[in-house]
Amino acid sequence: MSASPSRLQRLLRRPIDLGWDRLRAPYVTAVLACLVVLALRSHERLMQPHLWAEDGTLFLADALEHGPGATFMPYAGYLHVAPRLLAWGLSLLPIEGFALGLALVTLGIDAAVFALIARVRHRWLVPHDAVRVLVAVAFCFLPGTWEVLGNLANLHSVLFYAVMIVALQDLDQPLGWVEGGVLLAAALSAGEGVVLAPVFLLRGALRWRDGQPLGHVLREGAAVVALSVVAVVNAVLFRRSGMPASDFVSWPMSRMIEHVWNTLNVRYVLHPVLGDGGTLWYFRRPLAVRWLVWLGLVAVLVVGLRRLPRRPRVLLLASCACVFLLILLTWYVRSGSAEYPAFGAFRDPGVVEDRYMLFALPAGLVLWVTALGRFRSVFAAGLCVAVGVLAFPRWSFESWGSERDWARSARLIREARATPGAEAHVPINPRGWGLVVHGAR
């Protein structure tokens, strides 16, 4: 009789430890869980598939016009190799299935990238396998995912976080072919990945100091080279594109500091814990209340991170610092973006749908889950569940826009391509966008 209360007490004390701390296949489990969540959230787009922005205007149009020759054509000042290859591959299928095929493929890639955090190589950050699976699922509910997920136009943003997750892998394991493929795809398609090059340089230095084999160190160096060399190419392409840049450097210093502080505060301290409503509540409180809340959250974060072993803590903090540079890079390459509400004080609930809201939030979530996991796994798991629960008001990804009849669009494309000298303008989403299709020459 004495053994039963003891087992019950252990269950109540650590209710998540039900045999899920060491899953047989955590990565596969996370991929399937993310796929289910993303399919449910995107069910309207899957029932009435259509194209979004550059998916039609650029990627499909160029794939139909140039075939694989479009692979290295720049757009907006940098390369988009992975989206162009995917568009070309899908364009070889009957055009009637292009929109649905694109949605399924991109959602699959989104799930595969988010699930990287569940791999065994990230146990040194979050030892509990089930908690890391929940982190991957929580990524699917973050603000900004409305536009980012399920299309080629924003695939670069997802690939950027693939680089971040690879950078957080255990240093006891060398970078392998999987990591190399992820980094190469990201380097050629997400030029912003260069901001994480210093983390791989740090990883190489730590391996060297630990006396690891030279080959392991050189693999980290290869990652730095891949991210940096492509970034130089993109810098040249950006200069040649004639796109305006760097308008925010003319701001008053006080205004720049305010926007940097608010963005840093929201992405790394507030929103991962408080969600949309809680963060709105925070910015509506008196200054004294805001400082008390902020100090309390930071104290929990600091205490939790101090319990993390030194090497993973250093890499985590370095990754978060470098990921934040993505926001400053965005301000530089996208004229006027620094004034977007998503980068200011969080007072408008409408900004949660803005793709810029996703910037740095995945890093903030990993930071918090890692810290809370050092107290108890159930706290970290509870945070991941709360991210999904608090996102319920924006659960459904409704159809992209008014254009929903892909059968009609596909017919226009097919007829135009079959008619010598013909030219057709096929509307897509959002309103006012379209692709121009030329007939056979």
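Visitor: How much space lies in the largest pocket?
Guide: The model is predicted, and the value is computed from it. The space in the largest pocket comes to about 850 Å³.

Visitor: Which residues lie nearest the centre of the largest pocket?
Guide: The lining of this pocket has 36 residues. Nearest the centre lie Ala76, Tyr78, His156, Val333 and Arg334.

Visitor: How many residues of the lining of the largest pocket are nonpolar?
Guide: Sort the lining by class. There are 6 charged residues and 8 polar ones. The nonpolar residues number 22.

Visitor: Is Ala76 buried, partly exposed or exposed?
Guide: Ala76 sits in the loop between helix 4 and helix 5 (81–91). Its phi is positive, near 55 degrees, although Ala76 is not a glycine. Buried means under 20% relative accessible area, and exposed means over 50%. Ala76 has 30% relative accessibility, so the class is partly exposed.

Visitor: Ala53 also has a positive phi. Is Ala53 buried or exposed?
Guide: Ala53 lies in the loop between helix 3 (43–47) and helix 4. Its phi is about 50 degrees, and Ala53 is not a glycine. The relative accessible area of Ala53 is 4%, so Ala53 is buried.

Visitor: Where is the cis peptide bond between Asn429 and Pro430 found?
Guide: Omega for the bond from Asn429 to Pro430 is near -5 degrees. Now place Pro430 on the chain. Pro430 falls in the loop between strand 1 (423–427) and strand 2 (434–438).

Visitor: Next, the cavities. How much space lies in the largest cavity?
Guide: The structure holds 3 cavities of 30 Å³ or more. The largest cavity has a space of about 90 Å³.

Visitor: Which helix gives the most to the lining of the largest cavity?
Guide: The lining has 14 residues, and His271, Gly275, Ala386, Val387 and Leu390 lie nearest the centre. By class, 10 are nonpolar, 2 polar and 2 charged. Helix 13 and helix 17 (377–390) each supply at least two residues. With 6 residues, the helix that gives the most is helix 13.

Visitor: Which helix gives the most to the lining of the second largest cavity?
Guide: This cavity has about 70 Å³ of space. Helix 3 and helix 6 (98–114) each supply at least two lining residues. With 3 residues, the one that gives the most is helix 6.

Visitor: How many charged residues are in the lining of the second largest cavity?
Guide: Among the lining residues are Ser42, Arg45, His50, Gly150 and Trp400. By class, 7 are nonpolar and 3 are polar. The charged count is 1.

Conventions
Residues are numbered from 1 along each chain as its sequence is written. This is a predicted model: local features need pLDDT of at least 70, side-chain atom pairs count only at pLDDT 80 or more; totals for chains, interfaces and linings use all residues. Side-chain values use heavy atoms; hydrogens and water are left out. On a 1 Å grid over the protein atoms alone, a cavity is a set of points where a 1.4 Å probe fits but cannot get out, and a pocket is an open set with protein on both sides within 12 Å along at least five of seven lines; lining residues have an atom within 4 Å of a point. Grid points are joined across faces, edges and corners, and a volume is the space filled by probe spheres set on the points. Ala, Val, Leu, Ile, Met, Phe, Trp, Tyr, Cys and Pro count as nonpolar, Asp, Glu, Lys and Arg as charged, and the others, Gly among them, as polar. Helices (H or I, at least four residues) and strands (E, at least two) are DSSP runs, numbered from the N terminus. Buried means under 20% relative accessible area, exposed over 50%, partly exposed in between (1.4 Å probe, protein chains only).
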